[in-house]
Amino acid sequence: MTESIKTSHPLEQYILLAKGTKGAATIGLVKQVLEAPGVYVFGELLAVPNIIEISEGTSSEYFDVLNLFAFGTYQNYKENRSSLPELSEGAMKKLKQLSIVSLAAKDKRIPYRVLQEHLDMPNLRELEDLIIECIYAGIIQGKLDQNNQQLEVEYTIGRDIQPDAVPEIINVLQEWCDGCETVLVNIEEQISKANKYKDTRLKKKQKIQEEVDNIKKAIKASSSSQDVSDADMGVDTREADVSSLKPTKKSSKMKGLRGSGKFWTKSN
């Protein structure tokens, strides 16, 4: 039946199954989901009525251990081991992987010694293998820094959120929204200042352009007037040159000589 249900998220099939199970079948379902590959969040399953029912009966330890996988760590399991069911090897490995996720959410550089202490894994090779499995599973992204003996975390998935943590999250989100509002107001003020500065620059540019155009017009008008004046002077000069080329009358002395010749007579 489990294989016949196809969903986009691995947990969804267990949620659907939990809605139709009772008693021992519900316990068996919890055991399956604790070992199921790809399932690292359990909050929605905890909210299913049939799962909530086992929290009040003789099998409440299975509800508690499911709650531990949703919100707790391997250290919490150690502290309450006497009241919790024994975990299979697969479930224990997953709980330690979830513990690494919790540590990675708090610190982006986790020394190997811290991981070994929290996970009870003195063997360094086994610890590195577990970290590599976490990376391959996609629940964390990072690299092993063997020189400095630490895990460098780049990304980690989010774990389930406990109900009593919701008000704090709301407060954080509200503070973030208020911060965004403040930033938005500042951005709008800067935009307004930039637009005013732009308008001032544009008006100044237009004024300068008008002055340049007026100067060009004045220069053009002055140049046209000078051309007309030069043309008039050219006409006067040509007229003077033409008049200088006209022939002049002979002097009155020459006329006198011609006239006086009429009174000379040839002597005998």
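Q: How many disulfides does the structure hold, and what makes a pair of cysteines count as one?
A: A disulfide is a pair of cysteine sulfur atoms within 2.5 Å, and the structure holds zero disulfides. Cysteine 180 is in no disulfide, since the nearest cysteine sulfur, that of cysteine 177, is 6.2 Å away. This is a predicted model, in which local features need pLDDT of at least 70, side-chain atom pairs count only at pLDDT 80 or more, and totals for chains, interfaces and linings use all residues. Residues are numbered from 1 along each chain as its sequence is written, and side-chain values use heavy atoms, with hydrogens and water left out.

Q: Why is cysteine 134 called buried?
A: Buried means under 20% relative accessible area, exposed means over 50%, and partly exposed is in between (1.4 Å probe, protein chains only). Cysteine 134 has a relative accessible area of 0%, so it is buried.

Q: What makes cysteine 180 buried, exposed or partly exposed?
A: The relative accessible area of cysteine 180 is 32%, so the residue is partly exposed.

Q: Why does glutamine 149 count as partly exposed, and where does it lie?
A: Its relative accessibility is 35%, so glutamine 149 counts as partly exposed. Glutamine 149 lies in the loop between β2 (140-145) and β3 (150-156). Its phi is positive, about 55 degrees, although glutamine 149 is not a glycine.

Q: What pattern do the helices and strands follow?
A: There are 11 helices and three strands, and along the sequence they read α-α-α-α-α-α-α-β-α-α-β-β-α-α.

Q: What makes a site a pocket, and what volume does the largest pocket have?
A: On a 1 Å grid over the protein atoms alone, a cavity is a set of points where a 1.4 Å probe fits but cannot get out, whereas a pocket is an open set with protein on both sides within 12 Å along at least five of seven lines. Grid points are joined across faces, edges and corners, and a volume is the space filled by probe spheres set on the points. The largest pocket has a volume of about 370 Å³.

Q: How do you know which residues line the largest pocket?
A: Lining residues have an atom within 4 Å of a point. The largest pocket is lined by 19 residues, and Phe71, Thr73, Ser102, Lys106 and Arg159 are the closest to its centre. The elements that give two or more residues to this lining are α5 (60-71), α6 (74-79), α7 (89-106) and α8 (112-119); α7 gives the most, with six residues.

Q: What classes of residue line the second largest pocket?
A: Ala, Val, Leu, Ile, Met, Phe, Trp, Tyr, Cys and Pro count as nonpolar, Asp, Glu, Lys and Arg as charged, and the others, Gly among them, as polar. The lining of the second largest pocket has three nonpolar, no polar and six charged residues. Among the residues that line it are Met92, Lys93, Asp129 and Leu130.

Key:
Helices (H or I, at least four residues) and strands (E, at least two) are DSSP runs, numbered from the N terminus.
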